[in-house]
Amino acid sequence: AVSIRVGSQGNATGGFHYGLLHEDIDNSGDGGLYAELIRNRAFQSSQGYPSSLSGWHPINGAKLSLNNLDEPLSKALSTSMNVAPASPKGQVGFSNDGYWGMDVKVQKYRGSFWVRGDYRGVFTASLQSNITGERFGATQVKSRSRANKWVEHEFVLTPSKSAPSSNNTFAITFEAANLKSASLDFNLISLFPPTFKGRKNGLRIDLVEALEQFHPTLFRLPGGNMLEGRTNTSYWDWKDSIGPLKDRPGFSGVWGYPQTHGLGLLEYLEFAEDLNMELILGVYAGLSLNGDITPKDQLQQFIDDALDEIEFIRGPPDSKWGAVRAQLGHPKPWELKYVEVGNEDWLAGAPAGWNSYKDYRFPMFLEAINKAWFQPTNPDIQVIASGSTYDGHDIPSPGAGDYHLYGEPDAWVRDFSKFDNVKTPHIIGEMASTFPNGGTGWGSGVLRPFPWWGGSIGEAVALISYERNADRVFGALFVCNKMLDRFVPFNILTSLQAPILRNMNRWQWSITMLQFAADPAITTRSTSWYVWELLAAHPITETLPASTDFKPLYYVTGKNEKTQGHVFKAAVYNSTDGADVPVSLTFDGVAAGTTAELTVITGPKDPYGVNDPFTGVNIVQTTKTTVKSDQDGIFSFKLPNLSVAVLGTKGK
Ligand code: AHR
């Protein structure tokens, strides 16, 4: 048996550990987390994506065309859709097929559209089957339209029947005979189902609930390559993503589709607030995916943007950008303690991009942010570099690093002690098992089609290795000696799985926490979701020392300050002949005869087993048992090969 004796003198951890990164990839934002049902609602154009009528279809022969009026709806939304009837009488209009369908239920949908042109009748807004045409609900919207003015119309539509599938459309029609102008122009045509916490312009309930249930405590936003953009004129500019929807121009996404910017900075902040997640804000750092590097003498504009963004988030309501936030309905500043400069600056345009980051881009941001936000009365901001010491960055103090790894499960085992002695604090800003052991790597191949059980166990080994280092409080790991008493010390702050969501209708990255489609029945928690959930559900606020003999059992031990319970988390990765691993565990100070709950999750025999959204079968099994320590205080139990387990004593 593996015999583990856990001591009683430990070190405090940061208290939070597991989190999310969000960027719009795999239609995880538009057509995903963002609950808007209408695709291409505002005919937006952005670099590489001209305006189009994609998603829109004429009804009864209406002629649909793009129109750039002299008086557009707004500067940001300059193209609209002109709708001209084919004949002088009868209902005409248009439909939209959504992000590959729309879920129709008996519930309130809130919609709106802007129209320009003289029409003296009613508009009919409806939801219907794309297969049979059966109408599930409709509402009449009295026209207030004007010949030379854009007028917004709002409505509530409650279907009387739920649709049997998500292959449905939304339509707006009007009576051609009541038209006084030759045609009508429409823009910003929007329809939302109920959203999480009823937020206006909010998020899709089932997806947020599934994310919430895995207990994330940190949120890196806006994450990944999306922040960098394709070029240094099309990066994710936060200023374009706030305010009324009609003032958001949209964004040329980096993952093969344009984005609406409907899921903007404020929506991200509200999401973090609703799930009680600490923020890690990514700011654009002057390097884009095409390798565009901003020269030193032009970098200040981006530093200023970052400082404005920080002020928007955490500045008082009487500061310039805090006042803008207050006007948008959020006078109370958000807490923002972590700011990451750029994303993976070691990658795009390397080595020149990386060298410029180390030479002047990171140092200039670091200095400017610390200068602006070092105030004795405020908790200061921890600036994080977008790469790690392991990417060859000797990160200047008081900076932290960010380590990303997408790899084979064996890599996590090889790296188990990687962070044991690192001197710079780090976050693990993106990680996931993507390739099978010894299988295809980045150069030649593809990712596995879904997170798979063996890969998820590999992730558990890595997560345990990070948790083991969440307690290292010796000086070098403090952020800045001046701030000792005000900062949460950390070596490894958090681990974020990335990306988190995949729309099964259009995607390019297959390893995600959740898969989904328009139909909520498709929403599927991956094998990794179960592993992360179990580990995240039992936070360790004080790690406790234990014997350090690993393989095939990888573990971390600690205590939870709130419950005063003791915690043991473990993963078994490749035991000899696949045999169960007997464990004998004692905690100093835990009396003989104490009961503990042991939760073990196991998967199928085949390590390549997956949770496939189209079969709906969950291959992950969860077993809970009560274990009692014997007269010597020993908890004895066996853990199967390829399993993850948590044992927790009740405490108080
Ligand atoms: O998560 C997918 C991509 O992987 C991210 O955009 C990027 O940061 C990383 O390379």
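Trainee: Which loop is Pro-351 found in?

Mentor: This is a predicted model, where local features need pLDDT of at least 70, side-chain atom pairs count only at pLDDT 80 or more, and totals for chains, interfaces and linings use all residues. Residues are numbered from 1 along each chain as its sequence is written. The peptide bond from Ala-350 to Pro-351 is cis, with omega near 0 degrees. As for the place (helices are DSSP runs of H or I, at least four residues, strands runs of E, at least two, numbered from the N terminus), Pro-351 is in the loop between strand S16 (338-341) and helix H6 (352-373).

Trainee: And where does Pro-552 lie?

Mentor: Another cis bond here, from Lys-551 to Pro-552, again with omega near 0 degrees. Most peptide bonds are trans. Pro-552 sits in the loop between strand S24 (542-543) and strand S25 (553-560).

Trainee: Is Phe-43 buried or exposed?

Mentor: Phe-43 has a positive phi, near 50 degrees, though not a glycine, and belongs to the loop between strand S3 (18-21) and strand S4 (56-59). A residue is buried if 20 or more other C-beta atoms, placed from the backbone, lie within 10 Å of its own, exposed if 12 or fewer, and partly exposed in between. Phe-43 has 26 C-beta neighbours inside 10 Å, so Phe-43 counts as buried.

Trainee: What about Leu-642, buried or exposed?

Mentor: Phi of Leu-642 is positive too, near 50 degrees, in the loop between strand S30 (635-639) and strand S31 (643-649). With 26 other C-beta atoms within 10 Å, Leu-642 is buried.
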